[in-house]
Amino acid sequence: MTAVKMGPNLSEILKGKLSLGARIIQEGGRGSIFKSVFGMQEKEQLLKASQCYLYTTAGPIAGILFVSTEKVAFYSERPITFSSATGELVRAPYKVLIPIGRIKEVNESQNVNKAEQKYIEIVTEDDSEFWFVGFLRYEKALKNLNKAISMANQF
């Protein structure tokens, strides 16, 4: 994987972080955002919420990776613009939801030229790949992801 540019420039990154921080405070924390955006089952527990980037073919998208006992979910910091089925431009948050039971494997990776750039790849049963990069606490995010998968496999 090539080096990932984490945003257009520093001021754009900071603006996104500030708007995300304001939203987290307004909604009562990351757990409240997770519950309102993705819903929670009765016995589901949110294990970890990590700021990171989802790497897409269009480039990295900044947001929060949520890991719960039932699912892995990503919610973008800012809305993205895309064309609807009718051709009109729409702005909406970028969301990904992966049920834990549909995860085939989780792979760790790092940039061979920059060891500090670490990646988590999630491969689903249908061979879809999701690459998450730019974690502040990579090891903790990976640990909680593996914990969620092992908890799901116990049942």
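Two strands are taken to pair if DSSP finds at least two bridges between them. The legends below apply this criterion to a predicted model.

**View 1. Overall fold of the predicted chain.** The chain contains three helices and nine strands. From the N terminus on, the order of the elements is α-α-β-β-β-β-β-β-β-β-β-α. Of its 155 residues, 37% count as buried.

**View 2. Antiparallel pairing of strands β7 and β8.** Strand β7 comprises residues 103-110 and is joined to β8 by seven bridges. The two strands run antiparallel.

View 3. Strand β8 spans residues 118-124. Because six of its seven residues are buried, β8 is largely enclosed by the rest of the structure. The threshold applied here for a buried residue is under 20% relative accessible area.

**View 4. The hairpin of β8 and β9.** Strand β9 (residues 129-133) runs antiparallel to β8, and five bridges join the two. Within this pairing, V123 stands opposite E129 of β9. Four residues lie between the strands of the hairpin. In the turn, D127 has a positive phi of about 65 degrees.

**View 5. A patch of positive charge on the surface.** The patch is formed by R137, K140, K143 and K147. Among these residues, K143 belongs to helix α3, which covers residues 138-153. The relative accessibility of K143 is 58%, and K143 therefore counts as exposed, the cut-off for that class being over 50%.

Key: Residues numbered from 1 in each chain as written. Predicted model: local features only at pLDDT ≥ 70, side-chain atom pairs only at ≥ 80, totals over all residues. Heavy atoms only, no water. Patch = residues over 30% accessible without salt bridge, like charges linked within 9 Å, V, L, I, M, F, W, Y side chains within 5 Å. Areas by Shrake-Rupley, 256 points an atom, 1.4 Å probe, with all protein chains shown as cover. Salt bridge = Lys/Arg side-chain N within 4 Å of Asp/Glu carboxyl O. Lys, Arg positive; Asp, Glu negative; His and termini not counted. Charge placed at Lys NZ, Arg CZ, Asp CG, Glu CD. Buried < 20%, exposed > 50% of the residue type's maximum accessible area, 1.4 Å probe, protein only.
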